Amino acid sequence: MGTSSAVALATSATLPGAPEPSSDYLEAAKSTAAWIRSAAIKTDAGTFWHPEPDHTERVKTISPPNGIYSGNAGIVLFFLQLAKATHDRSYLEDAKAGANRIVATWNDAAMQDASPSRNLGFYSGTPGIAFTLAEVWKATQDSRYRDAALAITRQIVEQSKRSAGGAEWLGNPVIGGDAGIALYLLYAADTLGEPAYLELASQAGKRIAERARKDRVGVRWQGTVPAASSLPQDAYFPNFEMGTAGAAYTLARLHRATKEQQFIELAQEGARHLQSIATVQDEQALIFYRAPDLTNLYYLGFCHGPTGTARLFYELSQQLQGREYAQWTERLSRGVLTSGIPEKQTPGFWNVVCQCCGSAGVSDFFLALSDATGRSEYLAFARRVTDQMLSRATTLNGQGHRWYQAWTRVKPWEVSAETGYMIGAAGIGSNLIHLHLAGIGHYEAIAFPDNPFAKESAAYAG
């Protein structure tokens with residue numbers, strides 16, 4: 001294992017005990033909903049929300065307008081969870097209004113992106129949109145949403161490129177590419193009752209397996225770098241959602257569904273590679289952000305950090321009952337626990353509070369891990385992170401909670417407050433709901449296809 005002084009991994013840490021449950025989290029989630037509601041635009045087809053209300057001229061920011069990342073689908077998921085937690089039907093009506101707009105516009109050219117990867121990525125494109133509509137169907141039993149989810153999924157199936165080696169869409173084997181689509185198909189096969197989607201997911205797994213490349217130890221997957229990107233063309237991302245951890249995790253989940261031995265063997269080889277490049281000190285570990293140029297930078301969140309990568313080791317520990325993988329889940333977790341956050345901002349955990357690379361995602365990870373393992377220190381840390389995040393909320397003009405953050409690490413002067421799930425208030429509000437539910441002994445969350453921890457939320461009943 002490698003070691004480095006570039007990242008400070010404390011040799012010990014004293015973590016506080018879990019505090020008493022507080023209703024403040026739910027009240028803050030409702031205040032967050034009030035701000036998102038203030039950004040709503042109601043049309044005959046349904047509701048959509050400005051992604052960045054301070055700049056209403058922008059119809060999209062990171063993802064296409066209907067995507068989960070920064071668009072309408074993610075906001076629908078937030079309102080679904082808030083309706084369930086509060087038993088307030090008005091929030092379910094918000095979710096349905098947003099879903100209605102998605103049903104009416106999901107295939108419109110104006111709602112799509114010029115980049116195929118944006119249109120087909122789970123968090124940015126149609127797989128995530130179909131997932132959202134399926135979740136609305138589960139909550140409402142309104143067949144319109146299931147029908148639309150099926151129509152979108154059929155289009156995804158038609159867009160696949162099949163060969164003797166398997167199936168693919170983007171030729172990019174990571175969570176942000178074909179791996180994310182394969183995970184969605186696993187979900188769709190189960191939720192929508194379509195076994196053919198499982199077979200296509202398996203074919204995608206075979207193509208992902210073909211793209212594995214032997215490394216000094218184990219195997220790795222090289223994600224595709226866009227030709228017009230400023231990134232080095234040989235840039236290698238080891239973590240979720242752009243690299244080896246996500247591809248290996250997907251194969252592990254495919255093994256759970258198909259029992260295909262090759263999938264679990266390659267997932268283990270991917271884990272061996274990640275172990276070999278980790279920075280380890282005592283019982284803590286972190287894995288660098290990017291090679292060859294940023295191997296001394298360590299992200300801490302879901303995208304490019306332990307909050308994502310530990311999912312692979314947890315999944316392997318569950319399937320193989322191996323103590324080694326459970327230890328590595330804990331090592332990566334302790335790499336975050338002892339990093340100094342949330343009180344300290346590190347180079348890989350800057351002025352950002354969102355689900356993707358910031359506080360909400362870190363808190364949700366530790367909350368789910370606490371529920372899975374029974375470790376109270378993980379729950380205490382989740383609350384510390386969220387409490388610090390809450391202290392940074394802004395309530396301008398009495399419209400409700402929002403958060404200004406610098407999503408782009410290399411441009412810290414660019415701050416914005418967004419409504420979406422992975423980048424803004426909807427995802428932060430969802431974390432607040434999850435913590436509230438944990439505090440009253442009823443933790444649950446809508447589980448995305450790439451999440452092995454979260455308890456699935458039951459259908460709305462109100």
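Tutor: Here is a walk through the aromatic pairs and their surroundings. Please keep in mind that the model is predicted.

Across the whole structure there are 25 aromatic pairs. Take W49 and F79 to begin with: their ring centres lie 5.8 Å apart with the planes at 35 degrees, so this pair is tilted. It links distant parts of the chain, since W49 belongs to strand 2 and F79 to helix 2, 30 residues apart. Both W49 and F79 are buried.

Now turn to Y421 and F448, whose ring centres are 5.4 Å apart and whose planes meet at 45 degrees, so that pair is tilted. Y421 sits in the loop between helix 14 and helix 15, while F448 is in the segment after helix 15, so the pair ties together parts 27 residues apart in sequence. Y421 counts as buried because its relative accessibility is 5%, and F448 counts as buried at 9%.

Leaving aside residues up to four places away in sequence, F448 touches I68, L77, F122, Y123, F131, Y421 and M422. Ring pairs also join F448 into a cluster with F122, Y123, F131, Y184, Y187, F240, Y249, F302 and Y421. The largest nonpolar core has 150 residues, and F448 is among those with the most contacts inside it, together with I68 and Y184.

A40 stands opposite W49, and the two strands form a hairpin with two residues between them.

Terms used
Residues numbered from 1 in each chain as written. Predicted model: local features only at pLDDT ≥ 70, side-chain atom pairs only at ≥ 80, totals over all residues. Heavy atoms only, no water. Pairing = 2+ DSSP bridges. Helix = DSSP H or I, 4+ residues; strand = E, 2+ residues; numbered from the N terminus. Core = buried A, V, L, I, M, F, W, Y, C linked by side-chain atoms within 4.5 Å. Buried < 20%, exposed > 50% of the residue type's maximum accessible area, 1.4 Å probe, protein only. Contact = heavy atoms within 4.5 Å. Phe/Tyr/Trp six-rings, centres within 6.5 Å; stacked < 30°, edge-to-face > 60°.
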